[in-house]
Number of protein chains: 2
Amino acid sequence: MSDREIRVAVAGFGTVGKSVIRLLQEEASRYRDEIGVPLRLVAVLDRSYRRKDLSSIGSGVAVTDSVSEFLETPADIVVELVGGIDPADRIITTGLQQGKAVVTANKLLFAQHARRYFQFAREHNAYLGFEAAVAGGIPILRVLRRALFADRIIRLRGILNGTCNFILSEMGKTGRDFQDVLTEAQSLGYAEADPLLDISGRDAADKLSILGLLAFGKTRPPEQIPTLGIQAISSIDFLYADKLDYTIKLLGMAERNGDDVTLRVSPFLTHRRQPLAAISGALNAVEVTGTKLGSAMFTGRGAGGDPTAVSVVADILNAALWKQESAPFYLQPVFHREAGTESDATDSATAHSTEAYPFFLRFFVKDRTGIIAEVASTLARHDININSLWQEPWSDLANLPFVITIEPTLFSTMQRALAELSQLEFNTIPPLAVPMLNE
Amino acid sequence: MSDREIRVAVAGFGTVGKSVIRLLQEEASRYRDEIGVPLRLVAVLDRSYRRKDLSSIGSGVAVTDSVSEFLETPADIVVELVGGIDPADRIITTGLQQGKAVVTANKLLFAQHARRYFQFAREHNAYLGFEAAVAGGIPILRVLRRALFADRIIRLRGILNGTCNFILSEMGKTGRDFQDVLTEAQSLGYAEADPLLDISGRDAADKLSILGLLAFGKTRPPEQIPTLGIQAISSIDFLYADKLDYTIKLLGMAERNGDDVTLRVSPFLTHRRQPLAAISGALNAVEVTGTKLGSAMFTGRGAGGDPTAVSVVADILNAALWKQESAPFYLQPVFHREAGTESDATDSATAHSTEAYPFFLRFFVKDRTGIIAEVASTLARHDININSLWQEPWSDLANLPFVITIEPTLFSTMQRALAELSQLEFNTIPPLAVPMLNE
């Protein structure tokens with residue numbers, strides 16, 4: 001490594017990549033003061049760079065669409081912002097194996113391969129920065145690994161997807177229906193043309209998987225986290241939630257249960273006294289609870305080129321400080337068991353376990369006498385206690401909504417009962433069970 | 001330094017000190033996993049240790065009431081939790097000059113001597129950790145120096161004193177008066193027997209001074225920050241604030257104005273749509289705004305033995321990682337001008353400047369005709385525009401409250417007008433001017 005400058009190679013000249021390069025230019029002199037040496041952009045990889053305006057890149061930078069050429073350019077810090085799996089994984093892996101500092105915003109890859117990457121980093125004494133992979137505008141990973149690691153973290157929960165939070169906030173505010181608000185969110189750029197990754201909760205599960213690893217040293221891969229999206233939430237649910245003094249949020253939850261960690265992504269009826277209930281619009285928020293610390297909450301923009309770029313550049317600056325001193329990469333978490341193979345990552349976290357919540361159970365039915373009795377007897381067979389029954393005046397008796405709240409019940413029990421309730425012939429759509437968060 | 005263990009010496013066996021020592025014991029094996037070597041408590045300094053239960057300290061620890069003896073005990077990390085000025089300053093200074101890692105929770109000293117301590121740390125290649133000095137339960141200093149430093153921070157504002165926030169929250173919730181709630185806060189342990197440091201805003205000014213330094217690289221010493229406490233806030237102010245859709249918070253504000261930084265501690269009428277308005281009880285919260293990041297907010301417990309101990313131990317762990325690798329202390333901010341003498345610290349931040357706010361102006365008067373006319377003409381002479389006039393039904397005409405809201409006006413102008421308004425004979429107590437925070 002040169003001690004007169006630190007060479008940065010950026011893969012991906014999209015929204016975030018452009019914003020990172022702009023920040024490196026605009027703040028160049030301040031960054032030089034902070035880290036003691038200048039940062040120099042040496043290479044940019046972009047598959048379609050020939051069709052882009054490269055005037056902001058400046059001269060003396062090797063712009064290429066060849067991954068091999070990019071990886072061969074001498075650099076101290078490699079920044080992976082191409083997203084997806086290939087060539088992103090190759091860029092990260094090669095960089096780590098070359099002992100470089102690697103900075104990535106790739107939550108998909110990181111959620112799948114965190115342990116493999118940590119192992120490469122350890123073996124090759126490389127630096128691995130991934131703050132931008134979760135909640136771009138909140139430095140939550142650094143907070144977990146550099147500050148809250150002094151405490152024993154017992155719970156983490158958060159609003160991890162800005163698109164879902166925007167949609168739910170709008171539904172709650174305006175009384176409009178899901179599809180209507182989704183269309184608006186797409187036109188405003190808050191939702192992708194293909195919104196499934198967001199609204200299915202899978203994006204939140206990717207982030208939760210990473211947060212679990214950092215907070216608890218153990219996690220599950222995203223596909224093993226029980227995940228329910230927001231597609232089934234209707235405007236009627238907000239109407240009833242509001243009467244009960246709740247709102248609806250898509251939350252990622254991770255809780256320590258003895259030596260296990262329970263992970264879940266689901267819409268939650270969230271009581272208005274909960275700090276998370278107050279987070280509106282396209283924001284992210286993470287609440288962390290420690291045995292000594294109590295609860296602390298971190299809120300900010302979750303995505304967008306500029307906030308994500310700030311997290312990427314923070315990693316670049318920390319990597320530059322690391323490069324100069326060859327200090328170890330001590331953001332790396334200690335795993336609670338040996339990280340041998342990829343599959344080990346999943347061993348010690350559970351996804352079902354003993355989670356019990358009150359539930360909000362919403363039906364749309366073709367009205368006739370005896371419905372409540374059938375629902376009540378089905379619940380009783382599962383030893384589920386009804387707490388209250390709510391039915392607002394409604395004109396359409398062929399598609400009549402009502403709500404039952406349930407006393408704290410195991411998730412697994414509720415799911416078995418729900419499967420049975422779904423079979424009853426009076427339902428016009430399958431009933432919806434949403435856990436309720438009171439504290 | 002021994003490479004088989006890291007020796008920790010703790011000065012101060014009070015609430016925080018006990019909690020730190022308990023945490024070091026309870027989490028010993030996890031900390032050893034995180035940092036690679038065990039931490040060992042080697043010395044405890046306490047003036048009155050002979051009257052205390054030392055059973056939690058364990059054997060082989062040199063417990064003393066002699067500062068010299070304490071400082072001579074070989075240690076890698078010195079933790080200063082005695083508070084106050086002497087011998088705290090001597091412990092910090094000596095530790096840094098010996099090239100040790102020094103961790104302190106002393107906001108008073110840090111607000112006064114940050115630059116001197118940073119200079120010693122630089123000269124002697126020592127580590128300086130001070131996370132616990134501001135908002136014990138929120139790792140805000142680390143966030144500023146390790147994450148948000150990638151962005152250009154333009155504004156920082158926060159609820160920095162939990163006692164004041166508890167009192168104001170209670171006043172707002174219950175309609176009770178200041179003195180009444182203060183007495184309750186004292187009986188609950190949320191306020192000191194001598195609460196002046198808190199309610200005068202001076203404690204918040206100490207913290208704001210440190211935050212300004214970390215966020216902007218420039219600040220003012222606390223005694224040069226314009227500071228107004230909460231003693232003059234009455235229940236009637238909450239009544240009117242509520243009608244206007246505001247609540248009242250004691251805020252510390254730091255804003256970049258070109259090359260200057262403006263600092264202020266004051267009660268603010270805070271609009272309910274502001275995230276800071278939702279922070280109730282004895283919590284702290286810091287909102288940071290960057291040009292790229294937008295706003296991010298960090299909330300948690302501000303004080304108390306356990307949350308503060310978590311921040312102290314986080315510094316100990318980071319110091320231990322630093323010790324092992326002799327990496328530089330790069331949490332240290334880059335100052336915007338050379339740090340020569342202590343007084344340089346104040347040069348480049350301003351306290352008055354061009355801050356303009358709408359104001360809430362509250363009077364208690366002995367009623368007669370012509371009062372509004374006199375107030376209005378006084379304001380007009382200062383070119384201050386009235387926005388609205390509010391007067392609720394009130395029985396006591398000898399002590400009648402009313403409120404005028406003022407269009408955005410310079411702080412300095414408002415203060416001059418207020419001095420003049422205070423001279424008017426109809427006032428039963430001096431009028432109160434509180435700035436209003438809308439965005």
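In the predicted model, the residue of chain B that comes closest to the rotation axis is Phe298(B), whose C-alpha atom lies at 2.3 Å from it. The axis in question is the one about which chain B can be laid on chain A, by a turn of 180° and a shift of 0.0 Å along the axis, with an RMSD of 0.0 Å. This is the relation of a two-fold axis.

The contact between the two chains draws on 43 residues from chain B and 43 residues from chain A. Of the interface residues of chain B, 100% are also interface residues in chain A, so the copies meet through the same surface. The size of an interface is often expressed as the accessible area lost when the parts come together. For chain B and chain A the area buried between them is about 4200 Å², with 59% of it on carbon and sulfur atoms. On the side of chain B, the residues that lose the most area to chain A are Arg146(B), Phe149(B) and Lys292(B), which together account for 17% of what that side buries.

Between chain B and chain A, 16 residue pairs are in polar contact, with both residues of each pair at pLDDT 80 or more, and 6 salt bridges are found across the interface. A salt bridge links Glu27(B) to Arg152(A), with the closest N and O atoms 3.0 Å apart. Sorted by class, the side of chain B that touches chain A comprises 22 nonpolar, 6 polar and 15 charged residues.

Side chains of opposite charge can pair when their charged atoms come close. Over all chains, a search of the whole structure finds 56 salt bridges. One of the salt bridges within chain A is formed by Asp203(A) and Lys207(A), whose closest N and O atoms are 2.8 Å apart. These two residues are 4 residues apart in helix H10 (residues 202–216) of chain A, and Asp203(A) and Lys207(A) are therefore separated by about one helical turn.

Some features of the backbone may be described against the background that most residues other than glycine have a negative phi, and that most peptide bonds are trans. In chain A, the peptide bond from Asp86(A) to Pro87(A) is cis, with omega near 10°, and Pro87(A) is located in the loop between strand S4 (77–80) and helix H4 (88–97) of that chain. In chain B, Asp86(B) and Pro87(B) are likewise joined by a cis peptide bond, for which omega is about 10°, and Pro87(B) has its place in the loop between strand S4 (77–80) and helix H4 (88–97) of chain B. A positive phi of about 75° is found at Asp245(A), although this residue is not a glycine; Asp245(A) belongs to the loop between helix H11 (235–243) and strand S8 (246–257) of chain A.

Key. Residues are numbered from 1 along each chain as its sequence is written. Chains are lettered from A and ligands numbered from 1 in the order in which they are written. This is a predicted model: local features need pLDDT of at least 70, side-chain atom pairs count only at pLDDT 80 or more; totals for chains, interfaces and linings use all residues. Side-chain values use heavy atoms; hydrogens and water are left out. Copies are superposed by least squares on the C-alpha atoms of residues with pLDDT of at least 70 in both. Contact means heavy atoms within 4.5 Å. Buried area is the accessible area (1.4 Å probe) that two parts lose on being put together, summed over both. A salt bridge is a side-chain nitrogen of Lys or Arg within 4 Å of a carboxyl oxygen of Asp or Glu. A polar contact is a pair of N or O atoms within 3.5 Å; within protein, one must be able to donate a hydrogen and the other to accept it, and residues adjacent in sequence count only if both atoms are side-chain atoms. Ala, Val, Leu, Ile, Met, Phe, Trp, Tyr, Cys and Pro count as nonpolar, Asp, Glu, Lys and Arg as charged, and the others, Gly among them, as polar.
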